[in-house]
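Here is a short report on one protein chain. Look over the sequence and structure, then read on.

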Amino acid sequence: MASEDVKASESAVEKIVSLAEEANLARQEIRPTSHAVISICKSLVAGGVAGGVSRTAVAPLERLKILLQVQNSHSIKYNGTISGLKYIWRTEGFKGLFKGNGTNCARIVPNSAVKFFSYEQASKGILYLYQQQTGNEDAQLTPLLRLGAGACAGIIAMSATYPMDMVRGRITVQTEKSPYQYRGMVHALSTILREEGPRALYKGWLPSVIGVIPYVGLNFAVYESLKEWLVKTKPLGLVDDSTEPGVVTRLACGAVAGTLGQTVAYPLDVVRRRMQMVGWKDAASIVTGDGRSKASLEYSGMIDTFRKTVRYEGFSALYKGLVPNSVKVVPSIAIAFVTYEQVKDLLGVEIRISD
């Protein structure tokens with residue numbers, strides 16, 4: 001009896017200890033999950049703020065770029081960066097320089113938030129698979145793997161917010177002479193759905209996906225690789241003994257990354273914008289032309305848009321708006337990266353890709 005009581009007592013103790021260990025493990029699992037949710041939210045906020053600030057800073061150049069991309073080749077109104085900005089100021093005033101910026105911010109804030117968050121999560125996943133494959137737990141992301149993570153992030157973010165981008169493009173090219181005015185993003189969305197169907201909201205999606213690979217991928221890969229190289233080599237004293245480069249250095253890294261990305265992907269951006277204008281019954285006059293030069297847009301797809309653009313306007317037409325885009329994209333991307341990291345530091349976000 002005594003031995004049975006002892007065994008029963010030991011069994012009871014083992015059960016209690018087992019339950020206590022399970023409870024402890026449960027608490028340990030809950031804490032990282034709760035911390036991860038907070039960290040994710042902070043990352044989203046930082047990405048959203050970065051996107052909104054950077055786009056607002058270069059809104060006039062962004063609008064001019066789109067106008068140059070889609071304007072009717074038989075009715076040129078915007079001819080160059082300085083003259084184009086002057087023409088907008090003269091015909092539409094100060095507000096005209098920022099037309100479509102509200103819609104752009106409404107789109108770019110969630111887009112940037114999802115993009116930065118997706119990049120960090122994709123980087124963690126790719127790094128984990130890479131470490132498992134190589135058997136080296138200390139392995140780090142190579143530039144090629146960073147390119148893949150950046151491309152994945154860009155495609156996810158772009159696809160999630162593409163209808164807003166399509167609407168933003170049309171609102172941006174509206175002028176006072178446009179036969180029909182979209183009154184805002186919601187009105188434009190409902191009008192396009194009613195008149196052109198839901199598929200119209202994804203016009204130009206394919207060249208956008210293709211363009212995301214070199215554009216976003218190179219942005220992230222070049223930026224991260226440059227920053228890592230500067231920290232390791234410390235050339236010309238640009239980086240001190242700290243583990244992170246300063247704001248000015250990060251700004252330069254972002255500028256270089258943005259320039260390379262936008263140059264490679266720009267023709268696809270022109271094609272995308274032109275495809276977004278197809279089927280617009282009451283298109284803005286900047287698209288259709290005025291008076292005797294009025295002509296309709298007829299593109300059946302991405303290849304057809306490339307072919308007709310080069311045939312009727314020359315190869316250089318694929319780079320219309322490149323100058324204002326180059327002027328705007330360098331500070332825009334740089335400000336986005338730096339703002340993101342500054343806000344992330346301010347919020348106390350700790351992200352360790354090697355975890």
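This is a predicted model: local features need pLDDT of at least 70, side-chain atom pairs count only at pLDDT 80 or more; totals for chains, interfaces and linings use all residues.

## Contacts and overall make-up

The protein chain has 355 residues, and 46% of them count as buried.

The secondary structure comes to 11 helices and 0 strands. From the N terminus on, the elements run α-α-α-α-α-α-α-α-α-α-α. The accessible surface of the chain comes to about 18000 Å². Carbon and sulfur atoms account for 63% of that surface.

## Nonpolar cores

In soluble globular proteins, nonpolar side chains tend to be buried together. The largest nonpolar core here has 48 residues. Those with the most contacts inside this core are Tyr-78, Val-173, Ile-192, Trp-280, Ile-286 and Val-287. Helix H7 (residues 205-233) supplies the largest share of the core, 8 residues.

What does Trp-280 touch, leaving aside residues up to four places away in sequence? The list is Arg-170, Val-173, Gln-174, Tyr-182 and Glu-196. Val-173 and Trp-280 are both among the residues with the most contacts inside the largest core.

## Helix H6

Helix H6 covers residues 185-196, 12 residues in all. At 1.5 Å a residue, H6 should span 16 Å. The expected span counts one less than the number of residues. The end C-alpha atoms of H6 are 16 Å apart, which agrees.

Which residues of H6 are buried? They are His-187, Ala-188, Thr-191 and Ile-192. Seen down the axis of H6, these residues fall within an arc of 125 degrees, so they line one face of the helix. They pack against helix H5 (143-172). Ile-192 is also one of the residues with the most contacts inside the largest nonpolar core. The face of H6 turned away from the buried side carries exposed Val-186 and Arg-194. After H6 comes Gly-197, with a positive phi near 90 degrees.

## Cysteines

The structure holds 0 disulfides. Are Cys-105 and Cys-253 buried or exposed? Buried means under 20% relative accessible area. Cys-105 has a relative accessible area of 16%, so Cys-105 is buried. Cys-253 has a relative accessible area of 3%, so Cys-253 is buried too.

Note on methods
Residues are numbered from 1 along each chain as its sequence is written. Side-chain values use heavy atoms; hydrogens and water are left out. A nonpolar core is a set of buried Ala, Val, Leu, Ile, Met, Phe, Trp, Tyr and Cys residues joined through side-chain atoms within 4.5 Å. Buried means under 20% relative accessible area, exposed over 50%, partly exposed in between (1.4 Å probe, protein chains only). Helices (H or I, at least four residues) and strands (E, at least two) are DSSP runs, numbered from the N terminus. Contact means heavy atoms within 4.5 Å. Accessible areas come from the Shrake-Rupley method with a 1.4 Å probe; for residues, only the protein chains shown count as cover. The arc is that of the directions from the helix axis to the C-beta atoms. A disulfide is a pair of cysteine sulfur atoms within 2.5 Å.
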